[in-house]
Amino acid sequence: MASVNFRSLLLFSALLRFFFIFYGEWQDTHMEVRYTDVDYLVFSDAAALMASGKSPYARSTYRYSPLLAFLLIPNSIIHRSWGKFLFSASDLLVGLFIHTILKLRGVPENLRLYSVAAWLLNPFTFTIGTRGNCEPIVCAMILWIIICLMNGRVRQAAIYYGLIVHFRIYPIIYSLPILLVLDQHSFKTGQTPAIQKWSSRQQKQDQSSRSRKTFSLTSLCFLLKSFVTKDRIFFGFMSGAMFFFWTGLFYHLYGWEFLHEALLYHLTRTDPRHNFSIYFYHIYLHHQHGFSMVEKLFSFLPQLLVQLVLSFCFAHDLPLCLFVQTLAFVAFNKVITAQYFVWFFCLFPLIMPWNTMKMKWKGISCIFFWVGAQLHWLMWGYLLEFKGKNVFVQLWLASLLFLAANTYVLVMVIHHHLISPVFLPLKKMNSFREDARKMK
């Protein structure tokens with residue numbers, strides 16, 4: 001990528017997305033199989049209802065914040081593809097934010113370009129936005145929150161975090177690592193935190209020295225004693241106020257229907273249709289009879305325990321923590337659809353410069369195992385959905401294999417990642433400044 005700069009990459013990516021949007025319009029008109037995601041039609045219908053003064057929840061299966069329908073009102077005024085352009089612009093914004101974050105961390109230009117290309121040129125990610133899926137908006141907001149934290153803008157980060165949790169409930173899992181990273185030794189009101197810069201010398205450090213930095217019982221006890229700080233209280237209060245403001249406003253406008261469809265549904269969702277989750281077959285068999293509290297806890301506890309362990313182990317390396325959290329959250333979720341993969345795809349470029357995994361053979365093994373397990377599952381899904389064959393057991397076994405693939409990738413990423421805290425302690429930063437003054 002020596003001859004390619006960031007602007008050229010961004011421009012090419014924009015043209016690529018515009019091409020697929022226009023191609024999608026042609027395919028929808030001339031072919032039996034539509035390019036546009038069925039969810040986009042739901043969004044558009046809800047937006048049209050809102051534009052006419054009705055509730056967006058009059059459209060069945062619309063289970064999102066009214067903010068999404070509001071953003072897509074131009075679909076019924078300007079053009080039906082407005083939302084696709086909006087989502088694709090957010091997709092490009094994700095690439096810009098990845099580049100910004102890596103630049104703030106001192107990553108060289110060539111590595112930044114490779115990392116950004118992993119997002120912008122990924123066929124899965126650019127088709128998500130062009131087909132009309134709203135996930136790129138969420139990804140862009142998550143990355144913007146990281147940028148705000150890196151620039152010491154805690155208030156702004158809290159406002160956007162409360163908003164995005166209202167918009168799409170899953171980022172609530174990031175609350176603990178964000179609070180943990182707001183350490184009083186690294187953050188001080190009115191002062192920009194010092195960022196740990198990338199260095200080629202980091203690539204030579206020993207794996208054992210890295211592992212000692214992750215977690216210890218002593219550090220956990222100390223952390224719990226000093227957890228309550230001004231910045232953490234402020235972040236929790238401000239983000240909570242933002243979340244409850246939007247939730248309260250839309251509850252006032254649309255009542256219980258909003259609360260159930262946009263929030264509670266996602267917390268209690270049990271989808272009897274086949275999906276990548278290992279729980280789908282059990283849900284399919286018992287969906288008519290409901291589920292006991294023990295069964296609900298059985299599926300929730302592994303997810304909760306994994307999230308807590310990963311947060312306490314890796315919070316100081318925030319991009320890594322968010323990536324492994326999201327991958328684990330998706331892998332252990334009760335419902336998994338392909339669009340969920342975007343949630344961790346947008347975070348992977350942030351950790352690429354610190355990953356020591358060689359493409360040959362370990363990198364290839366991760367890609368082939370993950371993609372192969374997914375294609376294997378899709379084969380059985382095709383036989384069930386389109387051929388009507390009774391392959392539920394085989395499909396469930398394929399889900400187990402896909403969980404194994406996700407777990408393998410998770411372990412490999414952690415094992416080959418060079419732990420690098422995002423923020424330097426204030427004392428260390430001050431000592432650096434003193435050394436710089438003496439050298440002058």
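A helix is here a DSSP run of H or I with at least four residues, and helices are numbered from the N terminus. In this predicted model, helix α2 spans residues 38-51 and is followed by Gly53, whose phi is positive, near 90°.

**Helix α2**
- With 14 residues, α2 reaches 20 Å from its first C-alpha to its last, close to the 20 Å expected at 1.5 Å a residue.
- The buried residues of α2 are Tyr40, Val42, Phe43, Ser44, Ala46, Ala47, Leu49 and Met50, and they pack against α3 (66-71), α4 (82-104) and α12 (230-254).

**Pairing of α4 and α5**
- Helix α5 (residues 109-120) packs with α4 at an angle of about 155°, their axes lying 9 Å apart, and because angles over 145 degrees count as roughly antiparallel, α4 is roughly antiparallel to α5.
- The crossing of α4 past α5 is right-handed, and the contact involves residues including Leu92, Ile98 and Leu102 of α4 together with Arg112, Val116 and Trp119 of α5.

**Helix α19**
- Helix α19 (residues 392-415) has 24 residues and reaches 35 Å from its first C-alpha to its last, close to the 34 Å expected at 1.5 Å a residue.
- Among the buried residues of α19 are Phe392, Leu395, Phe402, Asn406, Leu410 and Val413, and the cover over the buried residues of this helix includes α14 (280-286), α16 (318-331), α17 (341-345) and α18 (359-385).

How values were computed
Residues are numbered from 1 along each chain as its sequence is written. This is a predicted model: local features need pLDDT of at least 70, side-chain atom pairs count only at pLDDT 80 or more; totals for chains, interfaces and linings use all residues. Side-chain values use heavy atoms; hydrogens and water are left out. Helices (H or I, at least four residues) and strands (E, at least two) are DSSP runs, numbered from the N terminus. The expected span of a helix is 1.5 Å times one less than its number of residues. Buried means under 20% relative accessible area, exposed over 50%, partly exposed in between (1.4 Å probe, protein chains only). Contact means heavy atoms within 4.5 Å. Axes are lines fitted to C-alpha atoms, for helices over the stretch in contact, and angles run from 0 to 180 degrees between N-to-C directions. Angles under 35 degrees count as roughly parallel, over 145 as roughly antiparallel, 65 to 115 as roughly perpendicular and the rest as oblique. A crossing is left-handed if the near helix is turned anticlockwise from the far one by less than a right angle, and right-handed if clockwise.
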